[in-house]
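Look at the chain below from one end to the other before reading on. The paragraphs that follow go from the whole fold to single residues.

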Amino acid sequence: MTHSTDNNDARTLFLDRDGVINKEPPQYYVHSWNEFHFYEKTIAALQRLSWVFPRIIVVTNQQGVGKGLMSQAALDDIHERMCVQLLENGVRIDAVYAATALAENDTAALRKPHIGMALLAQREFPAIRFEESTMVGDSLRDLQFARHLGMQSIWIQTTPPATPQPLADAVFESLWHYALSVNPYQ
């Protein structure tokens, strides 16, 4: 369930997946639901953030599909189970967009830092205003994605190397720490 204390339907929280919502595995790709593990307090963080943002959207680069390391069906299963588990805990993810093409074959410019997934989201949810939205990610690509769209950029320091990112408006250890910084009664 998504809650908001105001009528500002334009605010949207965009989230990267691996390294923000779930632990990024050593082999870099989550191939199945058995390899998907939420970070501690991710669900609590999203419960809190759902009071601030009327819409939560996941935008994730997943070229493991394009590389043939996993199937589209396996990726869809991971996202469906992730959303169901979150919904069972009172958090609604409004949409998940995954860029599955290889970087060199991304003719639709969906892969972050390109803005294709954001444009798809805005087409599905016309109320989205990027300048009133926030992107939370753990990579330079995520921060560039936010900058291209005029969003606030939040950098989560879960994935090495943890070097300073000048494109970040703010830096946090985890999604939970970011959620604690946001006033749910704004």
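How many helices and strands are there in the protein? There are 5 helices and 6 strands, where helices (H or I, at least four residues) and strands (E, at least two) are DSSP runs numbered from the N terminus. Starting at the N terminus, the elements follow the order β-α-β-α-β-α-β-α-β-β-α.

This is a predicted model, in which local features need pLDDT of at least 70 and side-chain atom pairs count only at pLDDT 80 or more, while totals for chains, interfaces and linings use all residues. Residues are numbered from 1 along each chain as its sequence is written, and side-chain values use heavy atoms, with hydrogens and water left out. The pLDDT is the predictor's confidence in each residue, from 0 to 100. It averages 91 over the protein, and 91% of the residues score at least 70. Over residues 1-7 the pLDDT is below 50, although this stretch has 24 contacts in the model beyond near neighbours in sequence; a contact means heavy atoms within 4.5 Å. Where pLDDT is low, the predicted coordinates should not be read in detail.

Next comes the overall shape. The C-alpha trace spans about 45 × 35 × 35 Å along its principal axes. The radius of gyration, taken over C-alpha atoms, is compared with a globule rule of 2.2 Å times the number of residues to the power 0.38. For 186 residues a compact globule would have a value near 16 Å, and the protein agrees with this at 15 Å. Of the 186 residues, 49% count as buried; buried means under 20% relative accessible area, exposed over 50%, and partly exposed in between (1.4 Å probe, protein chains only). Among contacts between residues at least 6 apart in sequence, 65% join residues at least 24 apart.

In soluble globular proteins, nonpolar side chains tend to be buried together. A nonpolar core is a set of buried Ala, Val, Leu, Ile, Met, Phe, Trp, Tyr and Cys residues joined through side-chain atoms within 4.5 Å. The largest one has 33 residues, and Leu15, Leu49, Met82, Val136, Leu175 and Tyr178 touch the most other members. At least two residues each come from strand 1 (12-15), helix 1 (42-49), strand 2 (55-61), helix 2, strand 5 (152-156) and helix 5 (175-181). Helix 2 supplies the largest share, 5 residues. A second, separate core of 17 residues includes Ile57, Met117, Ala121 and Phe125.

Ile93 sits in the loop between helix 2 (72-88) and strand 3 (95-99). Is Ile93 buried or exposed? Ile93 counts as buried because its relative accessibility is 10%. Leaving out residues up to four places away in sequence, Ile93 touches Ile56, Val58, Cys83 and Leu86.

The structure also holds 5 aromatic pairs. Rings of Phe, Tyr and Trp (its six-membered ring) pair if their centres lie within 6.5 Å; planes under 30 degrees apart count as stacked, over 60 as edge-to-face and the rest as tilted. The rings of Phe14 and Phe130 are tilted because their planes are at 45 degrees, with centres 6.2 Å apart. Phe14 lies in strand 1 and Phe130 in the loop between helix 3 (116-124) and strand 4 (134-137), so the pair ties together parts that are 116 residues apart in sequence. Phe14 and Phe145 have ring centres 6.4 Å apart and planes at 70 degrees, so this pair is edge-to-face. Phe145 belongs to helix 4 (residues 140-149), 131 residues from Phe14. Phe14, Phe130 and Phe145 form one aromatic cluster.
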